[in-house]
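Please keep the sequence and the structure in view while reading.

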Amino acid sequence: MTLKGERTESGIGFADVDWSGTRAYALGLNSIFLNLEGRESEGIVSEQQAVELKRSISQGLQAFTDEQREQLVVKTVYDGERIYPGNENGDAPDLVVGYHRGYRASWQTTLGAVPQQSIEINQGKWSGDHCIAVDEVPGVLFTSFELEEPVESIDQLAELVLEGGSTTSASP
């Protein structure tokens, strides 16, 4: 993201963003959007440039290291086209960041701001958190009936709901 003038920080709502120089921007807990021509009002990234830009951003994020802790910050970056297939209204992120355990986007970043620290140490409980790589935090399923056997995949939930819980159950 490019900011106006010599700014290094910006307030919420993309207050000081120079959209003519911005190829991608972050919003929410872990979403990255490309500034696509035709989708964004001031988009500058063509469809032909999008694939390479997503690859470049993904590689850069996965190489990003917390120098003080000497560890990687981002475990994986998910391609929005793969995890949100059929996104007809085009509002899904282009990339979704899967942080390693212990990291997250800053609260200001989630609101479209550019703070001094865009990544923070996540000291909160990691149960059902939306900031991290999916394999870092197990899912949680609550039911009003006793489960007979584990649910190993979200794909089994439709059957569970349709059967009213009589044939399938959830993992602890």
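For sorting residues by class, Ala, Val, Leu, Ile, Met, Phe, Trp, Tyr, Cys and Pro count as nonpolar, Asp, Glu, Lys and Arg as charged, and the others, Gly among them, as polar. On that basis, the lining of the largest pocket comprises 21 nonpolar, 7 polar and 1 charged residues. The model is predicted.

**Largest pocket**

- The largest pocket holds about 560 Å³ of space.
- Its lining is made of 29 residues, and those closest to the centre of the pocket are Ala26, Ile32, Leu61, Thr109 and Ser118.
- Two or more lining residues come from each of strand 1 (24–27), strand 2 (31–34), helix 1 (47–63) and strand 6 (95–99).

**Nonpolar cores**

- In soluble globular proteins, nonpolar side chains tend to be buried together.
- The largest nonpolar core here has 19 residues, of which Ile32, Leu34, Ile57, Val74 and Tyr99 touch the most other members.
- Strand 2, helix 1, strand 5 (74–79), strand 6 and strand 7 (103–105) each give two or more residues to this core.
- Leaving aside neighbours within four places in sequence, Val74 is in contact with Leu61, Gln62, Phe64, Val97, Gly98, Tyr99 and His100.
- Another core, of 7 residues, lies apart from the largest one and includes Leu3, Phe14, Val17 and Val114.

**Aromatic rings**

- There are 4 aromatic pairs in the structure.
- The ring centres of Phe14 and Tyr25 are 5.3 Å apart and the planes stand at 85 degrees, so this pair is edge-to-face.
- Phe14 sits in the segment before strand 1 and Tyr25 in strand 1, 11 residues apart, and the pair links distant parts of the chain.
- Tyr25 also forms a stacked pair with Phe33, at 5.5 Å centre to centre and 20 degrees between the planes.
- Tyr25 counts as buried because its relative accessibility is 10%, and Phe33 counts as buried at 11%.
- Phe14, Trp19, Tyr25 and Phe33 are linked into a cluster by ring pairs.

**Lys54**

- Lys54 is part of helix 1 and counts as buried because its relative accessibility is 7%, where buried means under 20%.
- Apart from neighbours within four places in sequence, Lys54 is in contact with Leu34, Asp79, Glu81, Asp94 and Leu95.

**Ile121**

- Ile121 belongs to strand 8 (residues 119–121) and, at 35% relative accessibility, counts as partly exposed.
- Not counting residues up to four places away in sequence, Ile121 touches Asp66, Arg69, Gly102 and Tyr103.
- From C-alpha to C-alpha, Ile121 and Arg101 are 9.2 Å apart in space, and they are 20 residues apart in sequence.

Note on methods
Residues numbered from 1 in each chain as written. Predicted model: local features only at pLDDT ≥ 70, side-chain atom pairs only at ≥ 80, totals over all residues. Heavy atoms only, no water. 1 Å grid on protein atoms, 1.4 Å probe; cavity = no way out; pocket = protein on both sides within 12 Å on 5 of 7 lines; lining within 4 Å. Points joined across faces, edges and corners; volume = space filled by probe spheres on them. Helix = DSSP H or I, 4+ residues; strand = E, 2+ residues; numbered from the N terminus. Buried < 20%, exposed > 50% of the residue type's maximum accessible area, 1.4 Å probe, protein only. Contact = heavy atoms within 4.5 Å. Core = buried A, V, L, I, M, F, W, Y, C linked by side-chain atoms within 4.5 Å. Phe/Tyr/Trp six-rings, centres within 6.5 Å; stacked < 30°, edge-to-face > 60°.
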